[in-house]
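Please go through this chain with me, taking charged pairs and backbone exceptions in turn.

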Amino acid sequence: MDAKSFGVFLAQQRKKQGFTQAELAERLHVTDKAVSRWERGIGLPDINTLEPLANALQMTLDELIHAEIKQERSTASAVQAFVDLFSPQSQSVWRTIRSTCFILSVALCIVALALCPGNVAIQWKVNFFAVPIAYAGKFVVFPALALLEAGTLYFWKFCDAHISLQEKHFLTWCYILHPRFAEFVKLLREAIFLFFFGFLIPFCALMTLLLNTAHF
């Protein structure tokens with residue numbers, strides 16, 4: 001859906017309900033110039049305006065977003081479908097993944113403390129072969145990596161619990177383009193979080209373990 005087609009549809013439905021632009025604007029607590037811009041295809045309503053606009057025009061949010069009056073309205077509203085993107089149920093899988101990452105990180109720390117020598121190489125010079133050039137105590141390196149992993153996983157959890165208004169705006173327009181696209185974008189976001197917060201630090205710990213046990 002583009003702004004032009006949405007504007008034409010909005011004007012048709014406003015006139016069908018018998019509203020002037022000023023009357024519709026008053027119901028939405030916006031200016032009549034804003035309604036005029038929407039109908040001319042210059043812009044689109046704000047995320048917080050979509051649901052009141054749909055209610056004012058006596059249609060579902062799904063019909064408004066897709067600029068189409070459906071003959072048979074689905075019992076599951078588009079509002080609920082969009083809210084489900086941020087619901088606790090949709091995040092339960094990622095909570096399990098975060099917990100698994102933390103447990104594996106702690107287990108890796110314990111294994112590393114048992115297998116590595118007292119001091120482990122933390123810097124390497126690579127030429128024709130790798131040569132360790134700097135060392136640190138294993139009781140500092142591996143617990144620090146485990147704590148860093150715990151911190152990053154907590155930050156990931158915090159980001160899920162406090163999704164910014166800008167991100168909600170972005171996902172709303174993704175949902176307007178296509179509901180599946182919004183779901184894909186959120187999945188991609190979580191995959192990126194998984195890579196940076198759930199994979200990189202345990203990978204560094206694992207490589208440190210393997211490189212040092214190989215020289216032990």
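Questions and answers on the structure follow.

The model is predicted, so local features need pLDDT of at least 70 and side-chain atom pairs count only at pLDDT 80 or more, while totals for chains, interfaces and linings use all residues. Residues are numbered from 1 along each chain as its sequence is written, and side-chain values use heavy atoms, with hydrogens and water left out.

Student: How many salt bridges does the structure hold?
Tutor: A salt bridge is a side-chain nitrogen of Lys or Arg within 4 Å of a carboxyl oxygen of Asp or Glu. By that definition the count for the structure is 5.

Student: Which residue forms a salt bridge with Glu39?
Tutor: The closest N and O atoms of the pair are 2.5 Å apart. The pair links distant parts of the chain, 25 residues apart, with Glu39 in helix α3 and its partner in helix α1 (residues 3–17). Helices are DSSP runs (H or I, at least four residues), numbered from the N terminus. The partner is Arg14.

Student: Is Arg14 buried or exposed?
Tutor: Buried means under 20% relative accessible area, exposed over 50%, and partly exposed in between (1.4 Å probe, protein chains only). The relative accessible area of Arg14 is 9%, so Arg14 is buried.

Student: What is the N to O distance in the salt bridge of Arg98 and Asp160?
Tutor: Arg98 is buried at 7% relative accessible area, and Asp160 is buried at 5%. Both belong to a network of salt bridges that also includes Lys186, Arg189 and Glu190. The N to O distance between Arg98 and Asp160 is 3.0 Å.

Student: Why are Lys186 and Glu190 separated by about one helical turn?
Tutor: Lys186 and Glu190 form a salt bridge, with the closest N and O atoms 3.6 Å apart. Both residues lie in helix α10 (residues 179–214), and they are separated by about one turn because they are 4 residues apart.

Student: Which residues is Cys174 in contact with, leaving aside neighbours within four places in sequence?
Tutor: Cys174 lies in helix α9 (residues 165–177) and is buried, with a relative accessible area of 4%. Contact means heavy atoms within 4.5 Å. The residues are Phe181, Ala182 and Val185.

Student: What is the phi of His29?
Tutor: His29 is found in the loop between α2 (21–28) and α3, and it is exposed at 74% relative accessibility. Although His29 is not a glycine, its phi is positive, at about 60°.

Methods
Helices (H or I, at least four residues) and strands (E, at least two) are DSSP runs, numbered from the N terminus.
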